[in-house]
Amino acid sequence: MSFKIDRGLFKYDFIDHHAILCVPVDADVKEIRKRYLQIARRLHPDSNLTESAAQKQLGNEFLSKLVNPAYEKLTNDRTRTEYIIILSQIGKRLVQESTSVTLNTDLGKQLAQAPNLDHFYKSAIAKLAQTQYDSLEQVLQVIAQVSELNLVYLMRSAGKSSTAPPPHAQPKVQSDTPHPDTAKNTPPAPAPAPPKEDSVIEQYVRRAQSLIDKNQFAQAKVELQDALKLEPKNSRCHSLIAMVYLKQNQLKMAKIHFDNALKLDPHDETALQWKPKIDKALGQQHGDHKVTSSPNNKDKQPDKSGSGGLFGGLFGGKKK
C-alpha cells in the first residue's frame, strides 16, 4: 500500500518523520522513544485483538513503512544530524518563499498568527498526538496536519533568526533657509543611497562564517556547498569552505578549494596564506609514508604522541 501525503513539509519532496511520530521538530531522543513506544503498542497486531484482520494489516503497514523508519531516522546520531540540518535549510527556504506558502488547516493558520509561537505549537502537537492513530483511516490526514504545523513553525523560527537589523538612522533634514554666508557656494546635499541588500550568496557566506565562529563546521559546510551550487565560480566561497575542510583536518579537500579560489582570484589573502602551509604539510605526510615503508628506517617513524598531527601543526596546537 502506498502512503501519499501532499501537504505540509511533504510538498517539498521531504519525508516529515516528526509528523509521522507527532513530536515537535526539536524533540530529544528520549521524547521520541517514548512516543514511538506508544504508537508501536497501538499498531502492533498482537495489541489489537478486537480489530478485524484488515485493520490489523493496515496498522502493521503503518508501523513497518512509516513509524519504524521515522524512529530509526530520528534516533541514529548520524542520520538525525543530517536530518536536522536539512530541516534548517527548509526553514530558510520557506522564509524566502513565504508569499507562496498555502495553509490548508485552521490550526496552521492560527499558528501563523499566534503571538506565543512555541507554546501554541507544542500544545497543538501534544493534543493531536493523543488521537493520531486511533482511527487508522484518518492517520494520513492527521500526519498532514502535523506536518503543516511543522512547516509554519520552521518558517516562523527561521524568520525570527534572520530578522534584518534596524534601518540606518535618517540623515538630519537641512533647513530650507541656509546660512547667508554659505548659501551661494553650498550645493544641495545628495540624496542618501538606499542600503544595499545582501545577495543570496552573501547571506550564505555570512551564515557560514557565523557557524565557523561557533565551531559548527558541518553546518557551515552545508551552507557553502549550497552557495557553490548557485555560484560555482565564487572565490570567497571556495576559500571559506577550504578553511572548513582545514579545520576538519581534511587537507586534500582544503587544497582543492584553495587552488580553485586562487584560480578565480589570484589575490585571495586566505588562500595565499594557507595553501603553502597545506602543500608543505601534505609533502611531509608523503615523506613520512616513504620513511616508514623502508625496513631500514624503523626508528624514524613519525611522532604521533601529542603532536596534534598535521592539523595541530598548521594551527599551532592540538586539534580540539
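**Exercise 1.** Work out whether Arg-80 is buried or exposed, and which side chain of opposite charge is nearest.

*Solution.* Start with burial: Arg-80 is buried (under 20% relative accessible area with a 1.4 Å probe, protein chains only; exposed is over 50% and partly exposed lies in between). Next, look for a partner: Asp-77 is the nearest side chain of opposite charge, 6.2 Å away, and Arg-80 has no salt bridge (a side-chain nitrogen of Lys or Arg within 4 Å of a carboxyl oxygen of Asp or Glu). Here Lys and Arg count as positive, Asp and Glu as negative, while His and the chain ends are left out.

A quick note: this is a predicted model, where local features need pLDDT of at least 70, side-chain atom pairs need 80 or more, and totals for chains, interfaces and linings use all residues. Numbering runs from 1 along each chain as its sequence is written, and side-chain values use heavy atoms, without hydrogens and water.

**Exercise 2.** Describe how Tyr-36 and Tyr-71 pair up.

*Solution.* The whole structure has four aromatic pairs (Phe, Tyr or Trp rings, six-membered for Trp, with centres within 6.5 Å). Tyr-36 and Tyr-71 are stacked, at 4.1 Å centre to centre and 15° between the planes (stacked is under 30 degrees, edge-to-face over 60, tilted the rest). Their pair links helix H2 to helix H3, 35 residues apart.

Definitions and conventions:
Helices (H or I, at least four residues) and strands (E, at least two) are DSSP runs, numbered from the N terminus.
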